[in-house]
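Here is a short tour of a protein chain, written to be read beside the model itself. Please have the viewer open as you go.

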Amino acid sequence: RMKKNITPISNALSMVNELCGVYYTLCADKNNENRIGLIAQEVNKILPEVVTCSKPEENDSIYGIEDIKLGIKYDKLTAVLIEAIKEQQKQINELKNKLNNLM
């Protein structure tokens, strides 16, 4: 009741295939903790709906950040990942049927 202009996500698998998961550490992390994620600038080209923009904070100039900062709303990726899995499962089922027809 609270949503309108509902459109299914199509080509989710191709979008997911363009994403590149990375390991990284944050420059400001004194513990040098290894993290896992995506690069927001790359994601923005594929799925701008999941990217956030914010103004730089005072200390960001230390890292050469003068303009907007990008981040990722990882929870928003869930719908795309679900649709990608469904697309992949459809492909698997089609291949299984072809294989069964050959036997």
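Let us begin at a glycine. Gly21 sits in the loop that links H1 to strand E1 (22–24); helices (H or I, at least four residues) and strands (E, at least two) are DSSP runs, numbered from the N terminus. With a relative accessible area of 58%, Gly21 is exposed, where exposed means over 50%, buried under 20%, and partly exposed in between (1.4 Å probe, protein chains only). Setting aside residues up to four places away in sequence, Gly21 touches Gly37 and Leu38, contact being heavy atoms within 4.5 Å.

A word on the model and its numbering. This is a predicted model, in which local features need pLDDT of at least 70 and side-chain atom pairs count only at pLDDT 80 or more, while totals for chains, interfaces and linings use all residues. Residues are numbered from 1 along each chain as its sequence is written, and side-chain values use heavy atoms, with hydrogens and water left out.

The confidence score, pLDDT, is the predictor's confidence in each residue, from 0 to 100. The chain has a mean pLDDT of 94, and 100% of its residues reach 70 or more. Confidence is highest in H1, at 98, and lowest in E4, at a mean of 95.

**The nonpolar core**

Leu38 is among the residues with the most contacts inside the largest nonpolar core, together with Leu19, Val43, Leu47, Val50, Ile72 and Leu77. This core has 15 residues; a nonpolar core is a set of buried Ala, Val, Leu, Ile, Met, Phe, Trp, Tyr and Cys residues joined through side-chain atoms within 4.5 Å. Helix H1 (12–18), helix H2 (40–46) and helix H3 (77–102) are the elements that each give two or more residues to this core. Leaving aside neighbours within four places in sequence, Leu77 is in contact with Leu19, Leu38, Leu47, Val50 and Ile72. In soluble globular proteins, nonpolar side chains tend to be buried together.

**The largest pocket**

Which residues lie nearest the centre of the largest pocket? They are Leu26, Gln41, Ile65, Lys69 and Leu70, out of 23 residues in the lining. H2, strand E3 (51–54) and strand E4 (69–72) are the elements that give two or more residues to this lining, and E4 gives the most, with 3 residues. The space in the pocket comes to about 670 Å³.

On a 1 Å grid over the protein atoms alone, a pocket is an open set of points where a 1.4 Å probe fits, with protein on both sides within 12 Å along at least five of seven lines, and lining residues have an atom within 4 Å of a point. Grid points are joined across faces, edges and corners, and the volume is the space filled by probe spheres set on them.

The lining divides into 12 nonpolar, 7 polar and 4 charged residues. Here Ala, Val, Leu, Ile, Met, Phe, Trp, Tyr, Cys and Pro count as nonpolar, Asp, Glu, Lys and Arg as charged, and the others, Gly among them, as polar.

**Exposed residues**

Asn5 has a positive phi of about 55° although it is not a glycine, and Asn11 has one of about 60°.

| Residue | Relative accessible area |
|---|---|
| Asn5 | 70% |
| Ile6 | 66% |
| Asn11 | 51% |
| Ile68 | 51% |

Ile68 belongs to the loop between E3 and E4. Leaving aside neighbours within four places in sequence, Ile68 is in contact with Cys53, Ser54 and Pro56. The C-alpha atoms of Ile68 and Ser54 are separated by 5.5 Å, although the two residues are 14 residues apart along the chain. By contrast, Ile6 and Thr25 are 19 residues apart in sequence and 38 Å apart in space, C-alpha to C-alpha.
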